[in-house]
Structures are given as structure tokens and as C-alpha cells.
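Colleague: Could you walk me through this model and show me how to read its helices and chains?

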Amino acid sequence: MNIVVCVKQVPDSAAQLSVEGGQISWGEAPLVINPWDEYAVEAALQKAKDLGGSVTVLSMGKESETEALKHALAMGCNEAVLVSDPALAGSDNVAAARVLAAAIAKVDDVGLVFFGKQAIDSDTGTLPAQVARVLGWPALTLVSAIDELNADGIKVERAIEEGRQVVQSGLPAVVSVIKDYGEPRYPSFMGIRKAARATIPVWALGELGIEAPSPVVAWPEVMAPPQREIATEIITGGSPAEIAATLADKIMAEKVL
Amino acid sequence: MNFGLTEEQRMVQKMVRDFSQKEVAPIIQEYDRKQEMAPFILPRMGELGILGICIPEKYSGAGMDYISLGLACEELEAVDTTLRVVMSVHTGLCSMTLWQWGSEEQKQKFLVPLARGDKIGAGAFTEPGAGSDFANIQTTGKRDGEDYILNGEKMWISLASNADYALVTVRTQKDTGKSSGELTSFIVDLSTPGVTRGDIHGKLGVRAGSTGWINFQDVRVPVANRIGEEGEGFKVTMSAFDNGRYTVAAGATGLIRAALEASVNYANERKAFGKPIAQHQLIQSKIAHMALNYEAAQLLYLKAGWMKNEGQRNTKETSAAKWFATEKSFEAANEAIQIHGAYGFSDEYNVERYLRNARGAVIYEGSNEIQQLIQASYALGERQDKALRMEMPAYEE
């Protein structure tokens with residue numbers, strides 16, 4: 001059984017974002033693997049070690065965008081594939097889900113697909129479920145632990161607002177993991193050497209046997225949110241009780257509570 | 001000419017940065033206050049392969065180039081000097097000297113476990129009465145059959161109490177004041193009977209690291225542990241400094257960066273006279289100097305690293321990089337404190353630790369006065385590099 005892990009290349013979290021000419025810009029900030037996806041890579045590597053399968057890391061983007069894939073290779077993934085086609089410019093999540101599903105279908109004997117819980121740039125968190133829907137596989141999202149995994153199925157713990165939920169399903173399945181899964185490993189030097197020398201195969205739409213899916217979401221306008229006015233006030237008083245009372249009054253007056 | 005880093009070098013840089021920022025930065029102040037080395041640091045650096053970063057894979061190292069070694073040192077010292085000191089002594093002074101001067105048998109026996117991080121190495125050269133005048137060391141090695149018997153004391157030795165092996169240079173012939181012919185180097189297993197050692201306390205800086213002394217009392221070291229020939233110890237030791245100094249230069253560059261980043265952050269936050277202090281020109285001047293010196297220090301060590309990759313002698317360039325970077329790192333830390341004002345004077349902020357840590361590097365691995373003499377002697381034509389019997393290997397991909 002092989003594992004696919006889907007990763008996205010995003011601007012570094014320290015990047016200063018701005019809107020220029022209706023486009024989001026991150027200036028010269030480096031592009032890195034989406035930090036949430038590192039947890040997915042970690043999960044994939046651990047499970048492949050337990051089960052003896054191979055891990056293919058998959059990303060969709062421009063042909064130059066191989067940083068995230070190389071990082072995953074350096075962490076220990078066996079293969080990397082970039083899906084890239086000029087016709088995919090401006091894809092939304094529906095389009096991306098169809099493309100990724102077609103690419104996953106091209107990998108042999110896939111039992112599990114891992115995602116990070118969301119990407120730090122678009123922050124939708126819907127892609128794992130969308131890919132699962134296109135593939136017709138169960139989606140196990142927001143997974144904090146995998147309790148059981150064998151050829152017959154998988155049992156996981158999901159972190160949801162109400163608490164922990166234990167869910168099981170058959171395979172193949174799509175799993176999105178959260179931070180609680182465990183710290184991702186650093187790339188090893190051997191991995192770095194391998195990754196730096198790797199030529200990453202690029203699959204265009206023709207090789208996936210699909211047309212460019214039509215996006216359903218349009219972006220008529222992109223604007224930066226207005227700057228918030230922040231005022232700071234130091235509350236003074238004769239005693240902690242007096243300060244607390246003044247603070248409570250102000251909180252009520254400002255309708256914070 | 002290409003000033004860009006390779007993909008591999010950038011990945012190494014990020015990996016070492018992630019390790020030091022995530023695992024060490026959160027706990028370093030606690031250990032600096034306790035004046036103890038965090039126990040996980042050496043095993044973790046070994047496990048991650050950082051300790052053997054530039055040693056070839058055939059000796060169980062990571063097989064990266066010398067520039068990657070420099071980049072790693074920059075990242076490590078941007079968090080704390082202690083981490084870079086480990087690289088200077090374990091990797092620079094001990095492992096790389098073994099790689100350059102050791103026999104194949106010695107490399108298999110000593111370099112392989114060092115590169116893996118299974119064993120820790122140190123460099124024991126300085127003595128209570130001999131530092132800059134290294135040719136004047138008094139620790140003796142007397143040949144006795146198939147052994148040498150070592151007697152004397154080494155001082156200011158980083159990792160003295162953590163190390164398993166030390167590269168030790170001793171006097172094997174009477175002192176006539178000549179640098180060559182009288183000194184010999186050995187790789188010494190520090191568990192040998194007659195070796196005692198301990199830590200020095202009350203240091204100004206590098207408090208989260210180990211600095212100590214090693215005493216040799218009739219310590220028998222087999223001839224098989226001699227690095228190079230008898231009488232080659234001065235050359236072996238100077239080769240060790242060519243590598244140790246390189247790691248110091250790169251590390252000090254990281255300290256300048258850390259001082260600069262802390263200063264920029266603080267200057268943008270702190271207000272005085274109705275605006276962030278970053279908008280006051282005298283603060284900008286300090287920040288401009290730090291930024292310039294960071295760039296210059298980095299270029300100097302990267303050039304030395306490039307020369308190492310090419311297999312070129314780099315004593316002059318490495319010495320210049322060490323002199324400049326350590327001097328400027330002390331200045332940067334000092335100015336960072338000034339920018340932080342009274343807060344910089346307390347250990348609530350990191351900059352006071354940067355200053356204390358930067359001070360040592362102006363003295364060790366060849367004081368900056370010695371570096372100036374080296375630069376002058378090259379410039380005045382008094383000094384030319386002669387070919388060594390064993391040269392540091394060029395980087396092979």
C-alpha cells in the first residue's frame with residue numbers, strides 16, 4: 001500500500017502581505033512548504049514505515065514551485081510529483097480537488113492520502129474533503145492521532161469543537177492531520193542531498209487525461225482590510241480592586257463583553 | 001562569479017535554523033543563568049548529523065560542503081554561542097584536523113564515531129602559561145617504547161568535561177623557542193588513566209557551554225595515536241585553527257545578525273519623543289552599521305568557505321574573516337544594548353547575553369591581535385603559505 005501526501009507551497013509566515021493591482025503580493029518573501037503540511041508529511045512517513053509502503057508527495061503549482069516538494073523529499077518521501085499546467089492558473093479549490101484526485105489516481109496502489117489541515121495562505125481547510133469527494137473515498141479530517149491502521153481500515157481520533165471523536169473507515173481514505181499529531185522531523189542531510197539532486201517529474205493535464213476544470217469561485221475584487229485604529233490606555237488607581245473596577249467598567253462601556 | 005547559495009546550502013541553512021530556533025532558543029536563557037550546558041544539545045546535534053556536517057559520507061559524515069558548515073555555524077550562533085562553540089571544537093579543531101592529517105586507520109577509528117556524534121571531540125592546545133605564544137607550550141610528550149608519556153595541563157578547553165577524545169599538541173623536544181620540529185599532536189582518549197579534567201566557572205560569557213581544563217599525569221598515548229609525524233605538531237595545530245577560526249567567523253556573523261534583528265524589532269516598537277526610535281537618525285546609524293557589518297562579515301567567511309571547497313589554502317582569508325566578524329559582533333551586541341536602553345542591560349532581553357558571548361571570541365582561536373599580525377605579515381610580504389605535507393581536501397560532491 002502506498003501513501004500520497006499533498007503539499008502546498010506558500011509564502012513564509014513572516015511575509016508582509018499587500019495588495020497590488022488586485023493581486024496579493026508577498027514581496028521577496030521566500031516560498032516554503034505550508035507549515036501544516038509538514039505534519040501531514042510526518043504522518044505519511046511514520047505510517048509508510050509501519051506498513052512498508054512508499055510515500056509520494058504531490059503538489060500543484062507553477063513549474064518553478066518545487067521548494068515544498070523538495071522539503072518533503074528531504075524529510076524522507078520517496079517520490080515527488082508536481083502537477084503543473086498553464087491552463088490551471090486561477091484554479092479554485094473545486095478545480096484543485098479534481099486535478100489532485102486525477103493525479104492521485106495515477107499513483108499505484110494508494111491506500112491513504114494525507115493533507116495538512118489547511119494552507120496558511122488561503123486558509124479554507126476544505127480541500128481534503130473535496131478531494132475525498134471526487135475520489136469517492138471517506139474523508140477523515142482534523143485527525144490528531146491514528147489509533148489503528150491495517151489493510152482493512154483505519155481508526156483515528158478527530159479533534160472537534162466538542163472534544164475528541166473516534167472514527168473508523170475502510171481504505172482507501174483521505175486524512176487531514178492537525179498539529180497534535182506530533183512534531184514533524186527536520187530534513188536529514190542525506191535527504192537534503194537526495195532532494196537537491198532530484199529532478200521532479202511534472203505532470204501536465206494531458207498526462208492526467210483531464211481538461212482544465214472550471215473554477216466555480218470568481219474573485220471580482222481583492223482588497224487589503226482597512227487598518228484598525230488601536231489605542232492603548234494604561235489604567236491607574238489606588239488599589240488593585242479599584243483598577244479592576246475601572247477596567248470592568250471600560251470593558252462594559254466599550255461593549256467588549 | 002556567483003553569490004547565490006545552492007538549493008542544498010539553503011536547505012541546510014533552514015534545517016539548522018529550525019533546530020536552533022525551535023529547540024534551543026526557548027530554553028537557552030534558563031541554561032545560561034544556571035551556567036550549565038543543556039544535556040540534550042550534544043546528542044541532538046549528533047543525531048541530526050550537524051556534528052559531522054562537512055565530513056565525507058565515507059567517514060559517516062553528512063558530506064556537505066564547507067559553505068554549509070559556515071551557514072550552520074551562523075544559524076547556531078544566531079541563537080547562542082554555545083552551539084557554535086561545539087562546532088568549532090568538535091568539528092573544526094578535532095574532526096577536520098583528523099580528516100586532514102590522520103591516517104586511514106586513525107580516521108576509521110576516531111573520525112567515524114566523531115562524525116556520527118557517537119563520540120565528542122575537543123582541541124587541547126592552550127595552556128595556563130601559553131596562548132598566543134603557542135610555540136611556548138610546556139606540556140611534554142616523552143617517547144617510551146610504543147607509547148608517548150604526556151605530562152602537563154591544558155586550559156580554556158571547550159567541551160573539556162564532555163569530550164571523549166581530544167586533539168592535543170605537546171612538546172616532544174626541548175624548548176628552543178622555535179615553532180617547528182619541537183611539537184607533536186596526538187588524538188587522546190580522555191578515559192586514559194592519568195587524565196583529569198573539570199569545568200571553569202564564573203565566565204563572562206558562553207555560560208551555557210562547557211569550558212575547562214585537562215590535566216595529564218603520566219598519560220600513556222600509543223604511537224598509533226600520533227597525528228602526523230613527530231615534530232609536525234605546530235603545523236597540525238595551525239591547520240586546526242584554519243578550520244576552527246572559520247567556524248568562529250561564521251558564528252560571529254550570526255551573532256551580528258541576531259543583534260541586528262533584535263535591534264530592528266525593538267526600535268520599531270519602542271517610542272521616544274513621540275515616534276518609534278527607529279525613526280531617530282542616531283538609532284538608524286547604529287542599525288546601518290550592524291547591517292553593513294553583517295553583510296561584510298558574511299562575504300568574508302563565504303569567500304573563505306569557497307576557497308576551502310576549491311581546496312585552496314585560506315589561512316589569510318579565514319583569519320581576516322575571524323578578526324572582522326568577532327570584532328563587529330562585539331560592536332553590534334554593544335550597540336544593540338544601547339538601542340535597548342536600560343532593558344538591554346537586563347537579561348529580560350537577549351542582547352546582554354550576545355555581548356557577553358561576543359567578548360570571548362575576540363580572544364580565543366587566535367586573539368584578534370594575532371589575526372592583525374597575520375594580516376600584516378601577509379601584506380608586508382613576510383609570510384607566504386608553504387605547501388603542507390597533508391592538505392585539507394577540496395569538497396567533492
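Predicted model: local features only at pLDDT ≥ 70, side-chain atom pairs only at ≥ 80, totals over all residues.

Colleague: How should I read burial here, and why is helix α2 of chain A largely enclosed by the rest of the structure?

Modeller: The general idea is to count neighbours: a residue is buried if 20 or more other C-beta atoms lie within 10 Å of its own. In this case helix α2 of chain A covers residues 67–75, and nine of its nine residues are buried, so the rest of the structure largely encloses this helix.

Colleague: Which residue just after α2(A) takes a positive phi?

Modeller: That is G76(A), with a phi of about 130°.

Colleague: Now for packing between helices. At what angle do the axes of α2(A) and helix α5 of chain A cross?

Modeller: You look at how closely the two axes come and at the angle between them. Helix α5 of chain A spans residues 189–197; its axis and that of α2(A) come within 7 Å and cross at roughly 140°. Angles over 145 degrees would count as roughly antiparallel, and α2(A) and α5(A) are therefore oblique to each other. The crossing in which α2(A) passes α5(A) is right-handed.

Colleague: Which residues meet there?

Modeller: From α2(A) come K70(A), L73(A), A74(A) and M75(A), and they meet G191(A), I192(A), K194(A) and A195(A) of α5(A). By type, the residues of this contact are five nonpolar, one polar and two charged. Notice that K70(A), one of the contact residues, is also on the list of buried residues.

Colleague: Let me try a pair in chain B. Is the crossing of α9(B) past α11(B) left-handed or right-handed?

Modeller: Geometry first, then the hand. Helix α9 (residues 315–340) and helix α11 (residues 368–379) of chain B have axes that come within 9 Å and cross at roughly 140°. That makes α9(B) oblique to α11(B). As for the hand, α9(B) passes α11(B) in a left-handed crossing.

Colleague: What does α9(B) bring to its contact with α11(B)?

Modeller: Its side consists of K316(B), S319(B), A320(B), K322(B), W323(B), T326(B) and E327(B), which meet N368(B), Q371(B), Q372(B), I374(B), Q375(B) and Y378(B) in α11(B). This contact divides into four nonpolar, six polar and three charged residues.

Colleague: Zooming out, how many helices and strands does chain B have?

Modeller: Eleven helices and ten strands. Its radius of gyration is 21 Å, close to the 21 Å that the globule rule gives for 397 residues, so chain B is as compact as a globular protein of that length. Its C-alpha atoms fill a box of roughly 80 × 45 × 40 Å along the principal axes. Of its 397 residues, 54% count as buried.

Colleague: And what are the corresponding values for chain A?

Modeller: Chain A has seven helices and 13 strands. Its C-alpha trace spans about 70 × 45 × 40 Å along the principal axes, and buried residues make up 37% of its 257 residues.

Colleague: Last one: how many residues does each chain give to the contact between them?

Modeller: Chain B gives 14 residues and chain A gives ten residues. On the side of chain B that touches chain A, eight residues are nonpolar, three polar and three charged.

Notes. Residues numbered from 1 in each chain as written. Chains lettered and ligands numbered in written order. Buried ≥ 20, exposed ≤ 12 C-beta atoms within 10 Å, placed from the backbone. Helix = DSSP H or I, 4+ residues; strand = E, 2+ residues; numbered from the N terminus. Axes fitted to C-alpha atoms, helices over the stretch in contact; angles between N-to-C directions. Parallel < 35°, antiparallel > 145°, perpendicular 65-115°, else oblique. Left-handed = near helix turned anticlockwise from the far one by under 90°. Contact = placed C-beta atoms within 7 Å. Nonpolar A, V, L, I, M, F, W, Y, C, P; charged D, E, K, R; others polar. Rg over C-alpha atoms; globule rule 2.2 N^0.38 Å.
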